Structures are given as structure tokens and as C-alpha cells.
Amino acid sequence: MRQERLVPAAALLLVVVAFALTPLGTGVPLATFDIYNALQGFAQIGLLALAIGLTMIAGEFDLSVVGTYAVGGMIAVQAGQSSAVLGLLAAVVAGAVIGAVQGGLIAWLRVPSVPVTLAAYIALLGLAYAISGGLSVTFTNRDATLWVDQTVAGVFSPRSLITLAAFGLAALVLGGTRLGAELRAIGGDRRASRVAGVRVDRRLVLLFTTSGTLAALGGGLLCFSFASANPDPGLRPLLIAAVAALLGGVSLAGGRGNPWGLLAGALAVALLAQIVAVAYLPDWSTQLFYAALLAVIVAIDSPGLRRGIDRIRARTRTAEA
Amino acid sequence: MFGFRSLRAGLVTGALGIALTVAGCGGGGSTGATATKTGTQGKTIAFVGYGDASPWGAAYNKTFKAELASSGIKINDLTSMDAGTQVQNFNQAVSQKPGLIVAALWDTTATVVPIQKAKQAGVPVLVVDGRPDPSVEADVMSVLSDNEKLGEFAAQNIVEGLKAQGRESGKVIVLSGTKAMLVTQDRMKGFGKVMAASPQYQVIEDQDTNWDPTASGKVAQQLFAKHGCDGIQAAYGMADYMALPIVQAAKQAGCKVGGTDGLVVTGGNCFKAGITAIKSGEMYGTATEDPITIAKQTADYIKRYFEGANPPKSELVKEDRVTKATIAQFEEQCSQA
């Protein structure tokens, strides 16, 4: 099994088994609600994980997603008081513009994404503070708040279904067109992809536009759910989304990964958080579990370990011969 | 190129299927005791409080659990430092139908719907520390800090300290707790009310440092770099563990602290370290809302509730101002954390 398939598969399988075994420790059987709540957690970070993960496939890293997440949420809440759809639309358009501007700068100025997106993150947080006056903004559209989290088929909500749909759409587009292969080629060797005829600049603009759109949509949906928009969500969403992306089989070096893997990574992270809630473990243990799972996955994925296993196999074969 | 799609889709579906099957075996999941039988034995509470990473939260949680340890009440710990996680944990608590949900709210607006869900499910909710959103105030019981009064005390400390130095004007900085919380907003309301009565002293900065001592220290360093020692005469750190990093940052910037012409610093949520700093003259004053007192009152309220003593729907913890002049009275209360 290729590494980009092995990593997310192992991560999700490990967590699902741990989740299924939780009742052995707690003495309380799992309830349907536990799946619903885990998928709510997935909805909270899924779109951010997809946004970051897609840029990582192309060898970039969009630090600004959490700023776009905050601004998107703020715009969605302020523009969506009477019409939630209008609010989400405004947030998504703003996210797309923010992403497109950054993608344009990165592509045409040929500058690395980290400093550009870091600057954008800081500027966007400032913008969120400016829009809100530094205070949380209440979302008074109670119908929208109730709608986004209403139970669908026992375990889903419109928010988690929209998030799942975004992953499905990304997989469809990247899998059904040349875009997926081109992004991996850009991530693997940008110069070689230019030589091979990939329109790198356009792809980067499209990539960051998508990333901004997803982050703003995620922020908008979350703020609808919370019935408030916080101008500073902190760095936690970014870190968790990055962990989900890494568990999803993408590499910091780029050139590897796909939306299905990212979906598995995001689900693994959400289920892990739900295990902590179900088992009444201390809040900080979530971080320890993320770190431990990441360590296991990195070990599985490490070239050193693979070389070691290959050497052992070779010796075994020699001995057998 | 994408020949593994079906494998991946199958894996994800299969993994979810395992979880769904296991969950299905558990049914609706209903645990915990109801409040209909009197007595604390066998009762379960879901504790959706602040996490231990906050010094106030850690001291509160430790005392709260210790006070209930001998009562036979089972505490399901769903504390968290993150507003988003808290909403999920609150919903989790409602689904488990405990005898009572005890919550200290990070984001009052975000917890409106969970509180409404608890009401629909017939699960009583006790909110502690900061008040809930006004739209659900009638749906919960509460043991609250008098946050507006605490803000007034902080401003009184600053005004008194600056006047004692003979200053006819002064610039004040504020490092607040999370602004999204009504706790913070109520304190700032009280603080602003008293400061408005002394317009010669002007608040020039009001920064959200999220109840985080490290963030308080960093922001204080930036503010001293921006305004210089002459540009800041007084500072309010909303908790002692936020006021002390201000003292440290002022010293690092070469500014004089306390005394006849140094920086006047006031804290809040009194802690032992704050009392020591008041004694040494580095802090002018603080205020109560120590975690120990409110934790004990919350535990007592819960016992009375389960024993059928019908405690009042809302109780306010009495708060006091602490300065060098009154320190002897509050030293013991403030030195337990």
C-alpha cells in the first residue's frame, strides 16, 4: 500500500478501534449521539483541514486560513442576520477574494507562501477586530443556528453534511480531472512541472482561492452554530487542522496526498476528541493523543523505518534461500 | 492515478460503519441520577467548567471536586479551555442526562442553544462564575461572582493609588480576560463607571489577553515599548496572574513600580502571589473572587439542591476590595491558591 494511502488508513483505523473500545474503559455503551457529536467536531475543523491540506499537496502552506476563518465567520454573522444564505455567500466571496489575492502574490511575485500567508493571517485578525470592535458579535438568526446543527439521519447535521460534501467535491474534481496530478506535480517539483507544461501560476491562484473559500465557509458555518462570531479564534483550529492534514497523508514537502486521505485525517482527529469527551479524560489529553497519533503515523511513514523493514525482509529472503 | 479511490472510500465507510454499529448497540445512552429523589448519594453531575490550564480554573476545579468528594456525587469531568470544545462537551453532557450540569461558560452566546437543549431534555443547569446570556437566564440556576463590583474595585484601587501619589493626571492600561465573556464585559462595565468619575485618569489601552498570564506578559512588554515608562502610570490586570506579568514587564522596561511615583498596578481574582506583591508594594491592590470561595459555595449549593433544600435560583458571591490597608482581613482567603 502506498504511503499516502497507508498513513490516513492507519490513523483512522487506530482511532475507530479505540473509539469502539471506549465502553470497556467507561462501562457506558456508546450512543448514537456520540457519533453525531464526533461529526460535529469534524464539521468544526474539516473544511480548515481540507483548505490547508490542498495547499500542502502543492508544497505550500496557507497559514492565513485561520484568519480567513475568523473574518469569514464575522462577515457571515453580520451579513446573515436576516438571511443566512446571504451571509454565507458574502463570507465565501470574501474568502475567495482573500485567497485569490494571496495566490496572485505567491504565483506572480514568485515568493514563498509562508511569509505571505503569515502576513495575511495577522492582517485578517486585525480586520476581524476592526469589524467587530474587538468583541464577539451575536448572531440573532436563531432559525439558522438551529438549522445548521439539526440532526439528520441520527448522526449527521447540515453542517457535517456540507463538510462531507466539500470533501466529496474536492475528490471528484482532483480525481476526475488533471488538477490532482498537476497539484502533486507542482508540490513535487515546481520547476519540472513548468517545463512539463503545467500552468503553475494559474493553479496556485486557483488553489489559494479554494483554500480561502473553504476557510470562510467553515468559519461562517461554525459561527452560525455558535450563534456568535469571535474575532480571534486563536491558533488551536490551525494546529488541529494541520494535524488532521498530516494524518491525512499529505507531506510538508508537498507532492503527496488527496482529499480522501484528508477526510480520513479529519475524521480521526474528530473521533479522538470525542473519545476524550466520552471517557471524561482531562482536556489536555486531547493534545497528548494528537501528538501520540502523529508520532505513530510519522514512524509508520518514516523512510528510515521503511529502509529497516526492507533490510530485514532482504535478510530473511537471503536466509531462506 | 486514482485507482485507490474505491479502497479509500471503502475504508472510510467501513470505519464509520464500525463506529455506527457499536454506537447503535448503545441506544440512546442515558445515565446519571435524576433530581427527583433527595440526597446526594448516587447523583451524577456533568462538570462543563474551565480547564486546569487556567490558574483560576485549576484552583476552582481542585476545591470543587474535593468539596464534593465525600458526598457520593459522581462528577463527569468535561472541563475545557476552548469555547468550541465546551459547546460540544455541553451537548455531550445533555445527551447523557446527568442529575445536573454545572457550567462555567467561555462563550455565553455559543452556549445559548445547548442550555435550551438541556431545558428541553429536562436536565437542570447550574451556571457558575459569569452569568449566562440574558435570553436563557431564567432557564438556569446560578452561583455568580459579582463581576461589575469587581471591576469597580479595580478602578477604585487605581484611582486611590494615583491620588495617593499626588498625580493630577495619568494614563491607564487594561489587560482583560476574554472579551467574549460576560465576566469580562461586566467587569469592564464596573471599571468604566468608576473611571468615568475621575476623567483626569485616562484608559489608553484595553487589550484582550484571554486570561492567559503568558499573553499578558507579552502584551505588557509591547505596551511599555510603545508608550514608555512615562506614558503609563497605572495598569489593571484582570486577575492577579495577569497583573504580576505587568509588574515583571514594567521592571524589564526599566520602569519604577509602586512607591510614591512608580506604576500603580491592580489585579483581581486574588491569589497568594498577588497578596505577596501587595505586601511588597509592587501591586497596589486586588479584589476577591478567589476560586476557593466560589468553588466551596458552588459545592454547597449543589448539596442543598440535591438534598431538596430549594436553594435560591441565583446566588451572588460576596466580593471585597483588597489593599495594603485591608490585607490582614483577606490574606487567608486569598492565599489558598
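Modeller: Helices and strands here are DSSP runs, numbered from the N terminus; a helix has at least four residues and a strand at least two. Bear in mind that this is a predicted model.

Biologist: OK. Where does B:Gly254 sit, then?

Modeller: B:Gly254 is in a loop of chain B, between helix H8 (240–252) and strand E9 (264–266).

Biologist: Buried or exposed? I mean B:Gly254.

Modeller: B:Gly254 is exposed, because it has 9 C-beta neighbours inside 10 Å, and the cut-off for exposed is 12 or fewer.

Biologist: And how far is B:Gly254 from B:Cys229?

Modeller: C-alpha to C-alpha, they are 7.5 Å apart in space. In sequence, 25 residues separate B:Gly254 and B:Cys229.

Biologist: Switching to confidence. What are the ipTM and pTM of the complex?

Modeller: The predictor gives an ipTM of 0.74 and a pTM of 0.78.

Biologist: What does chain B average in pLDDT?

Modeller: Chain B averages 89, and 89% of the residues score at least 70. Residues 1–9 of chain B are below 50, with 11 contacts in the model beyond near neighbours in sequence. Residues 24–35 of chain B are also below 50, and that stretch has 31 such contacts. Where pLDDT is low, the predicted coordinates should not be read in detail.

Biologist: Noted. How many helices and strands in chain B?

Modeller: Chain B has 11 helices and 12 strands. Of its 337 residues, 58% are buried. Among chain B contacts with a separation of 6 or more, 74% are between residues 24 or more positions apart.

Biologist: Which domains is chain B divided into?

Modeller: Domain 1 is 44–144 + 292–318, and domain 2 is 148–288. Their C-alpha centres lie 30 Å apart. The contact between them takes 10 residues from domain 1 and 11 residues from domain 2. On the domain 1 side, the residues are 3 nonpolar, 4 polar and 3 charged.

Biologist: Now the largest nonpolar core. Which residues touch the most other members?

Modeller: A:Val269 and B:Ile302 do, in a core of 212 residues. Helix H2 (residues 32–57) of chain A gives the most to this core, with 17 residues. In chain B, domain 1 and domain 2 each supply at least three residues to this core.

Biologist: What is B:Ile302 in contact with, leaving aside neighbours within four places in sequence?

Modeller: B:Ile45, B:Leu68, B:Ile73, B:Leu100, B:Val102 and B:Leu126.

Biologist: Back to chain A. How far apart are the end C-alpha atoms of helix H4 (residues 84–108)?

Modeller: They are 36 Å apart. After H4(A) comes A:Arg110, with a positive phi near 55°.

Biologist: What about A:Ala227? What's its phi?

Modeller: Phi of A:Ala227 is near 60°, also positive. A:Ala227 lies in the loop between helix H10 (200–226) and strand E2 (228–229) of chain A. A:Ala227 is buried, because 26 other C-beta atoms lie within 10 Å.

Biologist: Last one: where is B:Asn310?

Modeller: B:Asn310 is in the loop between helix H10 (291–306) and strand E11 (314–317) of chain B. Its phi is positive, near 45°. B:Asn310 has 8 other C-beta atoms within 10 Å, so it counts as exposed.

Terms used:
Residues numbered from 1 in each chain as written. Chains lettered and ligands numbered in written order. Predicted model: local features only at pLDDT ≥ 70, side-chain atom pairs only at ≥ 80, totals over all residues. Core = buried A, V, L, I, M, F, W, Y, C linked by C-beta atoms within 7 Å. Buried ≥ 20, exposed ≤ 12 C-beta atoms within 10 Å, placed from the backbone. Domains from an automatic or database assignment. Contact = placed C-beta atoms within 7 Å. Expected span 1.5 Å × (residues − 1). Nonpolar A, V, L, I, M, F, W, Y, C, P; charged D, E, K, R; others polar. pLDDT = per-residue confidence, 0-100.
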